[in-house]
Amino acid sequence: MSETTRNQPPVAMTVAGSEATGGAGALADIKTFTSLGVFGSLALTCIVAFDPENGWDHRVTPVDQQTLANQLQTITSAFDLDAVKIGMLGHPDTIRTVATAMKDLQPKHLVLDPVLICKGQEPGAALDTDQALKAEVLPLATFVTPNHFESLSLSGMESIDSVEDLKEAAQRIHDSSGAAVLAKGGVRLAGPDAVDVFYDGSTLEVLSEPKVSEVPVSGAGCSLAAAITAELAKGAAPLDAARTAKSFVTAGIRHRLSSHLPFDSLWQGGLAAEA
Ligand code: PXL
């Protein structure tokens, strides 16, 4: 059913895992879309339930490939999507299913949060995922938002210790993918500011906000990429989308939620609470 006279919100899809507490993953994405005035749909890739009896370790249950393909088919048949975000895929098979769907869909905006490992996981766990993500999904992305660890992996650099290093990483990742890049320094770069570097092949811009917290906050990466996706869905230019997303996340960190978890969780209502 369609009524052309009605003012409809833009529609975005996230392809992401559920993290049950709602700090990160698909729930963070959908809350972000809603907060920024975008209708969200979800193709669920896996279910993460932290284990409170074992140091809040990650327990990951993948969604089977046919069920994921079905969700992608439903959503892409129902909507002319304004933008797509890809979050945690977690397994090479999942990467292949999603890459196949995205090759067919060719979305105008495909924002890739190249989630390799979550806080507290061992880097080695991600190697096969890492290769498949680089080979199959990165070339399809129009925008990619690597954190410090992911920037090392995607750029092939040995270390990223300064803003100059982060600029080089952003340039290398753009050169190999063709995507606009927001390489995030976060709390991994020393200094009073949380610094990210934007590069799209012509504009190199350092985005900087005073650090709110010296420890990582759950959901910051997911919400940043989701906010970029929402802004692109609304028609923003990539650099403007990155700027708005950074303000959204900084306010969300200021208003973060403490709990029994060993880390705080970003609150997507932060920016609205400050308005
Ligand atoms: O923050 C990365 C992330 C993304 N998606 C899911 C997660 C996590 C980290 O815990 O669980 C589903």
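1. Let me start in the sheet: Lys184 has Asp196 in β8 as its bridge partner. Strand β8 covers residues 193-199 and runs antiparallel to β7, with 4 bridges joining the two. On β7's pairing with β6 (residues 143-144), the sense is parallel, over 2 bridges, and Phe143 has Ala180 in β7 as its bridge partner. Pairing here needs at least two bridges found by DSSP between the strands.

2. A word on provenance: this is a predicted model, in which local features need pLDDT of at least 70, side-chain atom pairs count only at pLDDT 80 or more, and totals for chains, interfaces and linings use all residues. Residues are numbered from 1 along each chain as its sequence is written, and side-chain values use heavy atoms, with hydrogens and water left out.

3. Back to β7, residues 180-184. Of its 5 residues, 5 are buried, so the strand is largely enclosed by the rest of the structure. (Buried is under 20% relative accessible area, exposed over 50%, partly exposed in between, using a 1.4 Å probe and protein chains only.) In a regular strand, side chains alternate between the two faces of the sheet. In β7, Ala180, Leu182 and Lys184 point one way, while Val181 and Ala183 point the other way, and all are buried. Do note that Lys184 is among those buried residues.

4. For the overall fold, I get 9 helices and 9 strands in the protein chain, taken as DSSP runs numbered from the N terminus (helices H or I, at least four residues; strands E, at least two). The chain's radius of gyration is 17 Å, close to the 19 Å that the globule rule gives for 275 residues, so it is as compact as a globular protein of that length. That radius is taken over C-alpha atoms, and the rule is 2.2 Å times the number of residues to the power 0.38. Along the principal axes, the C-alpha trace spans about 55 × 40 × 40 Å.

5. Of the contacts (heavy atoms within 4.5 Å) between residues at least 6 apart in sequence, 65% join residues at least 24 apart.

6. Finally, have a look at Trp267, in the loop between α8 (238-254) and α9 (270-274). Trp267 counts as partly exposed, at 43% relative accessibility. Leaving aside neighbours within four places in sequence, Trp267 is in contact with Gly252, His255 and Arg256. Ile95 is 172 residues from Trp267 in sequence, and their C-alpha atoms are 29 Å apart in space.
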